[in-house]
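Biologist: I would like to learn how to read a model like this one. Please take me through it feature by feature.

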Amino acid sequence: MSDALIDATEAADRAAAELPHWQLLDGWLCRRLSTGGWKSTLLAANAAGHLAEAAWHHPELRLGFDWLEIRLQTHNAGGLTDKDFALAALMEQVLCWRPAPDSPLEGTPDEPRWRHVQEIGRAHV
């Protein structure tokens with residue numbers, strides 16, 4: 001995959017089509033997740049960190065008590081590249097994944113003590 005820069009118009013079109021919960025802000029591809037609390041913020045940040053390390057493409061992560069912001073840009077290219085869109089799509093898929101209703105996987109129990117897991121991935125606007 002090359003480090004060819006994606007111009008602003010193409011980046012906006014791709015973000016809208018491929019990553020509807022992500023925004024372009026000052027040359028960065030950004031996603032802010034509402035997490036519901038500190039435990040789920042740390043879970044999401046660690047999952048994002050693992051994916052970034054495995055991909056060898058490292059975002060900026062900002063976090064608070066009940067939110068995580070992921071900011072992607074290919075630093076050595078000086079802007080957005082295919083790497084940013086690929087990692088954003090993977091993070092969206094993993095961080096927001098839940099089993100389908102007909103899945104053999106039952107998913108997180110609908111109980112207050114597991115709410116911190118259920119809240120990860122909600123769009124923050």
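Modeller: Start with exposure. Buried means under 20% relative accessible area, exposed means over 50%, and partly exposed lies in between (1.4 Å probe, protein chains only). At 24% relative accessibility, Cys96 therefore counts as partly exposed.

Biologist: What should I know about the model itself?

Modeller: This is a predicted model, where local features need pLDDT of at least 70, side-chain atom pairs count only at pLDDT 80 or more, and totals for chains, interfaces and linings use all residues. Residues are numbered from 1 along each chain as its sequence is written, and side-chain values use heavy atoms, with hydrogens and water left out.

Biologist: Is Cys30 buried or exposed?

Modeller: Cys30 is buried, because its relative accessible area is 4%.

Biologist: How many disulfides does the structure hold?

Modeller: A disulfide is a pair of cysteine sulfur atoms within 2.5 Å. The structure holds 0 of them. Cys30 is in no disulfide; its nearest cysteine sulfur belongs to Cys96, 15 Å away. That is too far for a bond.

Biologist: Which order do the elements of the chain follow?

Modeller: Helices (H or I, at least four residues) and strands (E, at least two) are DSSP runs, numbered from the N terminus. The chain has 4 helices and 5 strands. From the N terminus on, they run α-β-β-α-β-β-α-α-β.

Biologist: Where is Ala16 found?

Modeller: Ala16 sits in helix 1, residues 8-18. Ala16 is exposed, as its relative accessible area is 56%. Its C-alpha atom is 16 Å from that of Leu72, 56 residues apart along the chain.

Biologist: What does the radius of gyration say about the chain?

Modeller: The radius is taken over C-alpha atoms, and the globule rule is 2.2 Å times the number of residues to the power 0.38. With 125 residues, a compact globule would come near 14 Å; the chain has 15 Å, which agrees. Along its principal axes, the C-alpha trace spans about 45 × 30 × 30 Å.

Biologist: How should I read burial and contacts over the whole chain?

Modeller: Buried residues make up 36% of the 125 residues. Contact means heavy atoms within 4.5 Å. Take the contacts with a separation of 6 or more: residues 24 or more positions apart account for 66% of them.

Biologist: And the surface?

Modeller: Accessible areas come from the Shrake-Rupley method with a 1.4 Å probe; for residues, only the protein chains shown count as cover. The accessible surface of the chain comes to about 7400 Å², and 55% of it belongs to carbon and sulfur atoms.
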